[in-house]
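Hi,

Here is the structure I promised to pass on. Have a look at it first, and then read my notes below.

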Amino acid sequence: MLGTGALRAHLIEARLAGTIATMREKSLRRYRLFSARDPRVLLGLDPEGDWAFGEVLRLMGQECGISVDPAHTSGPDVIDPDRTIAGLDRFADRVGAAARRRMPVLLGTGHPHRLLEFYATLADALSSAGCPVLTPAYGHRVDIATRFGVRTRVLDYVRGVAVMRETGVRGAAGTGGVHTHSPLPVRTALDAAAATAGPLPALVIGDHGWVCGAGQLGIEAIGLADTDDPALFVGQAEGRVSAVVPLDDGVGAVHYRPLTGYVLNRARLSQ
């Protein structure tokens with residue numbers, strides 16, 4: 001298990017924090033779209049506040065450590081690694097509380113090629129601690145808007161983690177998994193759980209629409225978010241998301257393993 005100092009060094013070396021690959025131009029564009037309430041960046045959240053561009057920028061500076069200077073318009077974004085570690089601590093505390101109470105949990109990711117292993121390891125640990133790891137709406141089809149038009153995806157589970165696949169594709173992790181920001185998968189899963197009178201999750205763990213979609217419906221949610229995903233941080237500021245970890249969500253899967261160990265150790269779920 002990495003200590004805080006070693007974890008901080010890893011975050012910077014792997015570019016999970018410090019100077020990251022997410023470009024400032026992309027982040028600023030999404031802050032403006034969020035201010036305009038574009039559903040593509042709301043991720044299922046219906047903000048209570050007006051959230052003008054300047055307010056979003058200041059919030060992201062506070063939570064991630066990015067520059068709050070609106071004249072800084074290009075180049076790679078920067079995340080303060082100490083804020084990432086603080087976010088991991090809050091995230092781990094919520095995972096630990098769920099484990100102690102044996103709460104039913106739902107895990108889902110819009111980054112199956114990057115973050116699946118991170119969530120799957122958490123699912124294994126939570127299941128071993130006695131938490132029901134829910135898999136509602138397995139095999140259900142969901143029509144999701146993409147840049148190529150509306151596409152039908154299938155809700156699948158890999159090691160207890162929900163992912164969206166191309167229609168007709170099953171199999172090993174990473175085969176057919178698609179990237180998505182949509183809140184429709186979590187809404188579909190929750191609707192199916194309610195319709196079958198099965199347990200509803202007391203905690204949703206994930207990213208993108210999985211977190212914002214669940215939080216908007218009043219279910220506790222925690223997750224990971226990049227600097228170009230302001231919705232999760234606004235959800236946290238408004239009290240509908242419990243914990244958000246600021247980091248680059250698009251690096252190689254292997255680089256998240258030390259974070260998994262850190263979370264499990266703090267949550268007292270290490271083997």
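What follows is a short tour of the pockets and the cysteines. Keep in mind that this is a predicted model.

Let's start with the largest pocket. Its volume is about 890 Å³, and 25 residues line it. If you want to find the middle, look for Arg 40, Ala 145, Thr 146, Arg 147 and His 181, which lie nearest its centre. Two or more lining residues come from each of these elements: the helices α2 (24-35), α3 (39-42) and α7 (184-195), plus the strands β4 (141-146) and β5 (149-158). Sorted by class, the lining has eleven nonpolar, eight charged and six polar residues.

Next comes the second largest pocket, with about 190 Å³ of space. Its lining is made of 14 residues, and nearest the centre you'll find Thr 22, Lys 26, Asp 226, Asp 228 and Asp 249. Both β1 (18-23) and α2 supply at least two residues here, and β1 gives the most, with three. By class, this lining splits into six charged, six polar and two nonpolar residues.

Now the cysteines. How many disulfides are there? The count is zero. Take Cys 64: the nearest cysteine sulfur belongs to Cys 212 and is 13 Å away, while a disulfide needs the two sulfurs within 2.5 Å, so Cys 64 is in no disulfide.

Is Cys 64 buried or exposed? Cys 64 counts as buried because its relative accessibility is 0%. Cys 131 is buried too, at 3% relative accessible area.

Cheers

Notes: Residues numbered from 1 in each chain as written. Predicted model: local features only at pLDDT ≥ 70, side-chain atom pairs only at ≥ 80, totals over all residues. Heavy atoms only, no water. Buried < 20%, exposed > 50% of the residue type's maximum accessible area, 1.4 Å probe, protein only. 1 Å grid on protein atoms, 1.4 Å probe; cavity = no way out; pocket = protein on both sides within 12 Å on 5 of 7 lines; lining within 4 Å. Points joined across faces, edges and corners; volume = space filled by probe spheres on them. Helix = DSSP H or I, 4+ residues; strand = E, 2+ residues; numbered from the N terminus. Nonpolar A, V, L, I, M, F, W, Y, C, P; charged D, E, K, R; others polar.
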